[in-house]
Amino acid sequence: MCGIVGYTGWREAQVVLLNNLARLEYRGYDSCGLALRGSPLTIVKDAVRVAELAKTITPVKSTSGIGHTRWATHGPPCKINAHPHLDCTGSIAVVHNGVITNYEKLRKQLTEEGHKFISETDTEVISHLVEKYLKGNLEEAVNSALKVLEGSYAIIVIADNDPALVFARKDSPMILGIGEKEYFIASDVPALLEYTNRVIYLEDGDAGVVTPQGIKITHAGQPVTREENKIHWTADQAQKGGYEHYMLKEIHEQPSILRETISEYLSSQSSSDISSFYGNNKSVLMLACGTSYHAAMIGKYVTEKLLNTSVRLEMASEFNYLSRTPYFPLTIGITQSGETADTLKALRRAKEAHSMVMAITNVVGSTASRSSNYVLYTRAGPEISVAATKSFTAQLGALYWLALSQSSLSIPEILLHEFRHLPSKVQEVLDMEEVIKLSANKLAGYENVFFIGRGINYPVALEGALKLKEISYIHSEAYAAGEIKHGPFALLSNKTPVIAIVMRDNCHDAMLTTIKEIRARGSPVFAIVEDTDTAIVDMADYLIPVPSIMDIFSPFITSVVMQLLAYFTAKKRGCPIDFPRNLAKSVTVE
Ligand code: F6R
């Protein structure tokens, strides 16, 4: 949720930290701040975006510091609640991502011992604990503090009189970046790409120190070594590349992502890695949240259709509260970031129930990838926009490939042919951008919108409603088309447009019937239809034609229409598309 960064080396720390924080803003952007080493520490923070904060800082000669970009959990966004948080003396500063669950108890104890708290955050107990335990060595003081902390954390601590940046992680992501006589700490890879592509993924429970001379990592008090990895994403991939928003750039990357992903999956290496996953098992549990859950819904449909396997799908956040953990021999967790707290918790629960776990994730080295028995990587590259687009399409690619590749029969050539041609079909949809924009401009004038779909396109309708509400702030709801007359009809009027996905599959006739009923209630209908389908021409108010495609693959193109509709609607309404209010990219708290 929050993003943290640290730097020590030879460059001007404030420049490096501000650059790196700007690349982490997708993790939280309601406030931000820096602490720069010096005597005294320089602290700059406020409830503003990183670019605004940068304007207010006067240059400080310091080559070491920490930074934070916040997504509020304890206390509203304001200067006082912004990180870094200090101890009573102002000589120790802490940045934190995660939630300290026993902070109220600790705060009470520390207050009784004379510590004065100024913020409403859980984090502030950490700086006071470090102050309490500090007897000359910052690392030892942090280690003592960690012993009493409960909850999740990735923290970096700096002090005015100690050369080290002290770090620790538990259930929150953290990586180290390695440069020439300089070291970086961050929540995620895009933060570092401008300076280095050499990273170490810290394990849960790791702690340690970095100085310009090197890194020391410990686990349970013992020194450990962690492998160095080379990142193949480039800094450019994590930039806007001439597009007005990351979201539009990421939507447009989908053909090339699919092309790379499909060719990788079709290579024998990738398929042999996962060939043994299903074995003789005929049931699988899928777990995910949000957009990844919608991808999993489509994955369930495809898996059940192509394999003789039944799929139980659960929202990870609900699975964690089932009174009994159901046993499934196999579990697939779908998580773009690999760090979603609910999904990680659900996967742990499934593993404890002796399920063999596969993670489908976009982030190499993420917690999900490291804690699963199998990993199927999506190759979407860094996704910065808070609204997931290309990662969703890449998840579909992975889920389809998993179903196709596990079939005991050889894959019918016609399916493979269509699978290979998905990138060009998606490109055809992108080429229709101007037509989609016309519909979006109309939608932008409404405050309530319904989406409907049936069969494999019902999850696409859900995803369309989620995309529209999160970035345009229009209230939108999706229904399985057959359900809309069981209640939601009461809300239909000329003020509630309905977006209908009408592909020529086995649901086509039923969709047409539903559309007639909707029109009879006065709702404007926006229909996504195959360009050769004439049956619907007179029934819809606005048509969005898409290329014809084999039924089972239609979500690849209908979901791109949903993304563009949401994007252009939000743009027309002047919304901050990449950083919607109250949201963050990676939901690392429950
Ligand atoms: C919506 C969106 C979220 C994520 C959800 C799960 O655009 O991005 O709904 O899909 O937070 O995230 P991951 O896939 O990282 O587990």
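A cavity here is a set of points, on a 1 Å grid over the protein atoms alone, where a 1.4 Å probe fits but cannot get out. By that test, the largest cavity in this structure holds about 230 Å³ of space, with grid points joined across faces, edges and corners and volume taken as the space filled by probe spheres set on the points. Keep in mind that this is a predicted model, where local features need pLDDT of at least 70, side-chain atom pairs count only at pLDDT 80 or more, and totals for chains, interfaces and linings use all residues. Residues are numbered from 1 along each chain as its sequence is written, and side-chain values use heavy atoms, with hydrogens and water left out.

**Ligand surroundings**

- The ligand has 14 residues around it, and S292, Q336, S337, T340 and E470 come nearest; "around" means that a heavy atom of the residue lies within 4 Å.
- By class, this shell has five nonpolar, seven polar and two charged residues. Ala, Val, Leu, Ile, Met, Phe, Trp, Tyr, Cys and Pro count as nonpolar, Asp, Glu, Lys and Arg as charged, and the others, Gly among them, as polar.
- Two helices, α9 (290-306) and α17 (458-472), each supply at least two shell residues, and α9 gives the most, with three. Helices (H or I, at least four residues) and strands (E, at least two) are DSSP runs, numbered from the N terminus.

- A polar contact is a pair of N or O atoms within 3.5 Å. The side chain of T335 puts an N or O atom 2.7 Å from a ligand oxygen.
- The protein covers 90% of the 400 Å² of accessible area that the ligand has on its own, going by the Shrake-Rupley method with a 1.4 Å probe.

**The largest pocket**

- The ligand takes up the space of the largest pocket, where sitting in a pocket means that more than half of the molecule's atoms lie within 2 Å of its grid points. A pocket is an open set of points with protein on both sides within 12 Å along at least five of seven lines.
- About 670 Å³ of space lies in this pocket. Its lining runs to 31 residues, with C289, G290, T291, K585 and V587 closest to the centre; a lining residue has an atom within 4 Å of a point.
- α9, β18 (330-335), α11 (341-352), α13 (390-405) and α17 each bring at least two residues to the lining, and α9 again gives the most, with five.
- Sorted by class, the pocket lining has 13 nonpolar, 13 polar and five charged residues.

**Cavities**

- Searching the whole structure turns up three cavities of 30 Å³ or more.
- The largest cavity is lined by 26 residues, and S187, D188, S337, E339 and V363 lie nearest its centre.
- That lining divides into 13 nonpolar, six polar and seven charged residues.

- S39 and P40 are joined by a cis peptide bond with omega near 5°, and P40 sits in the loop between β2 (31-36) and β3 (42-46).
- Another cis peptide bond links H83 to P84, with omega about 0°; P84 belongs to the loop between β4 (64-70) and β5 (85-86).
- A220 isn't a glycine, yet has a positive phi of about 50°. Look for A220 in the loop between β13 (214-219) and β14 (222-224).

How values were computed. A polar contact is a pair of N or O atoms within 3.5 Å; within protein, one must be able to donate a hydrogen and the other to accept it, and residues adjacent in sequence count only if both atoms are side-chain atoms.
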